[in-house]
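Hi,

Here is the structure I promised to pass on.

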Amino acid sequence: MTLTRRELLGTAAATSLLPLARARAADTPIKIGVLGDMSGMYRDLSGPVSVACAKQAIVDFGAAAKGIPVEILVGDHQNKPDIGAGIAGQWFDRDGVDLVVDVPNSSVALAVSNVGHLKNKVVIACGPGTADLTGPQCTPNTIHWSFDTWMLAHSTGGAMVKTGGDTWFFITADYAFGHAMQRDTANFVKEAGGKVLGNVDTPFPGTTDFSSFLLQAQSTGAKVIGLANAGSDTVNCIKQAAEFGVNKSARLAGLLVFISDIHALGLQNAQGLVLTETFYWDMNDRTRAFTQRVLPNTGGARPGMGQAGVYGGIIQYLKAVEKLGIAAAKASGAATVAQMKAMPTDDDAFGPGSIRADGRALHPAYLFQVKAPSESKAPWDYYKLLATTPADEAFRPLKDGHCPLIPA
Amino acid sequence: MFSIFGVPAPLLFGQLLLGLINGGFYAMLSLGLAVIFGMLNIINFAHGAMFMMGAFVAWMLLNYLGINYWFALPLAPLIVGVFGFVLEKTIISRLYKLDHLYGLLLTFGLALVLEGLFRNGYGSSGMPYQIPALLGGAVNLGFMFLPIYRGWVIVVALVVCIATWMLIEKTKLGSLLRAATENPALVQAFGVNVPRLVTLTFAGGVALAAFAGVLAAPIYSVNPNMGSNFINTVFAVVVIGGMGSIFGAIVSGFGLGVIEGLTKVFYPQASDTVIFVVMVLVLLTRPAGLFGKAA
């Protein structure tokens, strides 16, 4: 018998599927889909490091020893809500995914959160900023970890006003997140007795030169320039502010800055910047130990708060699965989320905490200042702690969120 | 202090100057594109990726080999130029006989592959690249602080543009190039190696993009997307100037930089759209572009 190449390939393909089919017949595993930006401008604050953190959570939880088989799927939503919702839908319907985690980019997260609610699965959002996820758009299936616009505005905005930065100018990315960030921050500035002198909406995406906006900001004489943008927009703003000496006449407030952005800027450009994160790898013994464990799989990058949130969120999720049993956890996402809310959280990245009824995970918020090059003693030694907002004050009060789950 | 249309004059002058600086980048990038289109009839969508590679090669030279900005300025374009040479020889040269669209698709695909490779290796948020010490600091012009480096960019961009224009319009080599575009068979009959000439032209155009990339490295974040942010605008610039017109590319590059700069003062939200509005207006009135020859 002669075997054609086509037949040979076909047979090879068929046999490679065999082990998979066998695995499916055994215990049904818990499936976790890490849905992030794997190829776009938010890749470094989500992407492969989030996947590494997810895997680390499963190892650290000891899922295998506890008899909970866990599988991880990875998806790239390309920062497009339709693609993100499509992947999530396919994962839930076809692939039997129980939990979607990470989901940076607010507009994608809102879409995916809806899909999770419709299919009664679990969504743990760690990468997006919009506080609407636990506000008007909250669902019994979604948990928001790590940070949100209200918290960032409250921590960074409030701290700047307290230290004399009472006149503000905003450079705002012209889309939903930028406007929300500016609105929330402006409210705190005004509440604290400060004044907003103006703002400029910059086209998003596609703006690379921010120097003219920075000069407009400078010409108003504002003491603080608030950067209501993220990722490479923020990086370019800070870099060009240093170039034009704008950072000498006014203080820059990075409203959403991750450690990956500081790494991209270099301390020479970023020094002095004030920012808020809820996780810093060099915070305490537990965060350092967690970082050391995950580091071999991140290519040397230290996780930021979004990526650490993937770790913390999955640990809490698996605790709930352990409590409920695999079958019950797979059957109802809402029941699993309710279980997650009923137990206190505790993981190496965020320490002890809790999850509120509206789905908001509560942890302290840390106000950092970026070190000068001379103060930095080791690679990624970037932050010094200025202030800590305790967990119960860091996030928007439950009653102000207008989450439909909360009786008014 | 007087004001113009409600905008303080110093601010306006500052914006004009910044517009010219950005125009310098547009001009350098569209120059390479125009040369490649004019000579090879290839719409090179990988031009932005070459710009990005120039910046990355400069970063690599500094961080892996300790070679500083001043040496990177000639070296990086050379390295990327060699890459372009190989690219033209192996892939792009197969497309000359086909429709423009094939070249566009191929180079667009190449751009995606190159960006993807760099993103895989270096992430998306970019790499720090410091302004060389000699060009650090700023001068006070009265109406604004001009960082010396930006001044340097505008001077270098002008010099490079004029030199390229002179090379193509005023030298023997340039006349051979232009002749080879008009009638390759005849030029070849005179004993000129036309395919070699074409390959070198492509490498040269690509090297120009890489040169702009090195110039951009200290002011923009060195990241895999930096080229695609520019490329759409630059294509509009080339279309406005007239496809294949060197002079048109230079003039419209600087001109549109200024128009964009002014838009940033009066209506910032539209600053990335204004160039395309101009493009539409130009195409409606002069379909071949401002300086293009009507087909």
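This is a predicted model: local features need pLDDT of at least 70, side-chain atom pairs count only at pLDDT 80 or more; totals for chains, interfaces and linings use all residues.

Residues are numbered from 1 along each chain as its sequence is written, while chains are lettered from A and ligands numbered from 1 in the order in which they are written.

**Chain B overall**

Chain B has eleven helices and four strands (DSSP runs numbered from the N terminus, with helices being H or I of at least four residues and strands E of at least two). Its radius of gyration is 19 Å, close to the 19 Å that the globule rule gives for 295 residues, so chain B is as compact as a globular protein of that length. That radius is taken over C-alpha atoms, and the rule is 2.2 Å times the number of residues to the power 0.38. Along the principal axes, the C-alpha atoms of chain B fill a box of roughly 65 × 50 × 35 Å.

**Two helix pairs in chain B**

Take H2(B) (residues 47-65) and H9(B) (residues 226-241): their axes come within 8 Å and cross at roughly 140°. (Axes are lines fitted to C-alpha atoms, for helices over the stretch in contact, and angles run from 0 to 180 degrees between N-to-C directions.) That makes H2(B) oblique to H9(B); under 35 degrees counts as roughly parallel, over 145 as roughly antiparallel, 65 to 115 as roughly perpendicular and the rest as oblique. Among the residues making the contact are B:Phe51 and B:Met52 of H2(B) and B:Phe230 and B:Ile231 of H9(B) (in contact means C-beta atoms, placed from the backbone, within 7 Å). The residues of this contact divide into seven nonpolar, four polar and no charged. Here Ala, Val, Leu, Ile, Met, Phe, Trp, Tyr, Cys and Pro count as nonpolar, Asp, Glu, Lys and Arg as charged, and the others, Gly among them, as polar.

Now for H6(B) (residues 172-182) and H8(B) (residues 194-216), which pack at an angle of about 110° with their axes 10 Å apart. H6(B) and H8(B) are therefore roughly perpendicular to each other. B:Leu176, B:Leu177 and B:Ala180 in H6(B) meet B:Val194, B:Leu197 and B:Thr201 in H8(B), giving five nonpolar, one polar and no charged residues.

**Where the chains meet**

On the chain B side, 35 residues are in contact with 36 residues of chain A. H1(B) gives the most to that side of chain B, with five residues. By class, the side has 16 nonpolar, 16 polar and three charged residues.

**Domains**

Domain bounds come from an automatic or database assignment. In chain B this gives domain 1 (31-129 + 169-222) and domain 2 (225-295), with C-alpha centres 21 Å apart. The contact takes 19 residues from domain 1 of chain B and 15 residues from domain 2 of chain B. H1 and H2 of chain B each supply at least two residues of the domain 1 side.

For chain A the assignment is domain 1 (28-147 + 283-364) and domain 2 (154-282 + 365-389), and their C-alpha centres lie 27 Å apart. Their contact takes 25 residues from domain 1 of chain A and 22 residues from domain 2 of chain A.

Cheers

Notes:
Two residues are in contact if their C-beta atoms, placed from the backbone, lie within 7 Å.
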